[in-house]
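Hi there,

Here is the structure I promised to pass on to you. Have a look at it first, and then read on for what I found in it.

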Amino acid sequence: MEPQSNGKRQRASCACDFCNSRGLRCRRAQAGPTETQDLLSSCLTCIDYGVVCTLDRPIRRRGRKPKVSPSNSFDAAAGLGQDVDFKSMHTVQQLIRIYQDTMYQCYFPFLPERDLFTRWQDGIPDPEQPSYMLLMALCAVSSQVAALDAVFDSTLLDGLTVPDSDQYFLEGVSKIPVRITQSQDLDYLRSFGLFAVYSLQRGNHSDLHRYLGLYHALVAQHGFHDESRWPQELSISEVDDRRRLFWCVYRLEIHSACVLGHVVRMPEAQVSVLYPRITPAMEPEAQAWTAGWDYITDLFRLLEYAIFSLRGCKSRKATLAVFCDKPSPTTLLDGLARLKANKPRILTESNDFGTGLESNRCKYMAVQITCTESLVNIMALLYCQAPAWEVVEIVERFLEEVTNAPLIMFKVAGSHIVHQLLGVGHMLNNASQFDDGHYRSEANRLITILGDLVKGLEHDIPFAAEAGERLLMLAQSASW
């Protein structure tokens, strides 16, 4: 007679590599009467963190280990090489500067610029603090950018051996607590936002939703979507930091909802958060950048309504339908026209790249505005079921502007601009079916140009090769 199992989960006699390197409890369920050990090859901790469970490290003799000085705790793994490099202060500081040069300037200023160079200048924080998790998330995004040479200032890469970005990512997510206490610490929100950014860059949509979900759980818990529920003792700068963070993740959510087709978890109609202030104390270039950033956020808010108009539920009960009326087609186009009329002048001028007030980030913002305006315009025209020639004209003008942008703009934008170009191609293909297909050949020509443009980025953006092939196949299939 086989002994009965008490069903308890016990610490493994030999911890797996992931749990051992991070000091986590290695939990393995006991095999039942009909289970084999092969079915239990992954420990429960690795399953929770979504990593491969391995036992590849050499088995060492047990007993008392030599003492390690606390001040050298990050260097205790001497001999592992890679671990020492990815946590060295020199490497971390370089990655922080890369984040400030690219992702902070262009897409995701998740934390104040003043914090980037002061918070971690004295060393890496305690691994149990949310500031440590935030640093690892930031370094994961930056090392991914550095590996692609996607930086405005190429001198930032001098002498830098770029660590594997997954090292930072796995280290960061291993510090996510099982339960987050009632805390207003913004570092959790910032970390989840950066983990989501990294997941989108890597094409891991499962992780993207996981970390956006964690972010929105904390937003709901602390009422982060409503300024009236924020602590009253916040300074003006702290309020502006919160505002910037909130709209950063909102834009990430709308972008992914547009290109991946998922729901919008935080509709802007439920939001009561203003934009950061533009003050006279700012430098003129900073004022222009802030105004432009706000303009793009307005475009994303309009894009949300365009998504809702095209994808809204079509099977509501009659008693509820009156509460969910879609905007009229002209409302979307009129809203876009008003936004364009108020576009900051600095972003409409055509000075030389990188001169005067046309800094790298302002020039990049001009490209981003062009892409987002075109995306909103095309979606609004599709909702209106406008003539196909109108969509064709919009895409042709869009291509004329985008193809003149420097390569570095595409490299910094990465998968985001590739997603948008792919979306433009699919929407143009849909529009070509209007008017009895009279404009199909012209649409196919433009889709082919889009495909060639994206395919030409395959050595600079990992996702570009696949996206380019999809566009070229779309053009070929539509011509049959």
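Let's begin with a loop: Asp149 is found between helix H7 (130-147) and helix H8 (165-173). Helices here are DSSP runs of H or I with at least four residues, strands are runs of E with at least two, and both are numbered from the N terminus. Asp149 is not a glycine, yet it has a positive phi of about 55 degrees. With a relative accessible area of 42%, Asp149 is partly exposed, where buried means under 20%, exposed over 50% and partly exposed in between (1.4 Å probe, protein chains only).

Before you go further, please keep in mind that this is a predicted model, in which local features need pLDDT of at least 70 and side-chain atom pairs count only at pLDDT 80 or more, while totals for chains, interfaces and linings use all residues. Residues are numbered from 1 along each chain as its sequence is written, and side-chain values use heavy atoms, with hydrogens and water left out.

Gln385 also has a positive phi of about 55 degrees without being a glycine. Gln385 lies in the loop between helix H15 (360-384) and H16, and at 62% relative accessibility it counts as exposed.

Now for the whole chain. Its secondary structure comes to 20 helices and 2 strands, and 51% of its 480 residues count as buried. A contact means heavy atoms within 4.5 Å. Among contacts with a separation of 6 or more, 69% are between residues 24 or more positions apart.

Leu252 gives you an example to look up. This residue sits in helix H11 (residues 236-260) and is buried, with a relative accessible area of 1%. Not counting residues up to four places away in sequence, Leu252 touches Phe108, Gly193, Ala196, Val197, Leu200, Leu212 and His416. Leu252 and His416 are 164 residues apart in sequence, but 9.6 Å apart in space from C-alpha to C-alpha.

Asp294, in helix H12 (residues 284-311), is buried too, at 9% relative accessible area. Leaving aside neighbours within four places in sequence, Asp294 is in contact with Arg244, Tyr275, Pro276 and Ile278.

Next, how do helices H9 and H10 cross? Their axes come within 8 Å and cross at roughly 160 degrees; axes are lines fitted to C-alpha atoms, for helices over the stretch in contact, and angles run from 0 to 180 degrees between N-to-C directions. H9 and H10 are therefore roughly antiparallel, as angles over 145 degrees count as such, under 35 as roughly parallel, 65 to 115 as roughly perpendicular and the rest as oblique. The residues of their contact divide into 13 nonpolar, 1 polar and 1 charged. Here Ala, Val, Leu, Ile, Met, Phe, Trp, Tyr, Cys and Pro count as nonpolar, Asp, Glu, Lys and Arg as charged, and the others, Gly among them, as polar.

H16 (residues 388-402) and H18 (residues 415-431) have axes that come within 9 Å and cross at roughly 155 degrees, so this pair is roughly antiparallel. Ala388, Val391, Val392, Val395 and Phe398 in H16 meet Leu421, Val424, Leu428 and Ala431 in H18. By class, that contact has 9 nonpolar, no polar and no charged residues.

Finally, the cysteines: Cys53 is buried at 15% relative accessibility, and Cys258 is buried at 13%. Counting pairs of cysteine sulfur atoms within 2.5 Å as disulfides, the total is 0.

Best wishes
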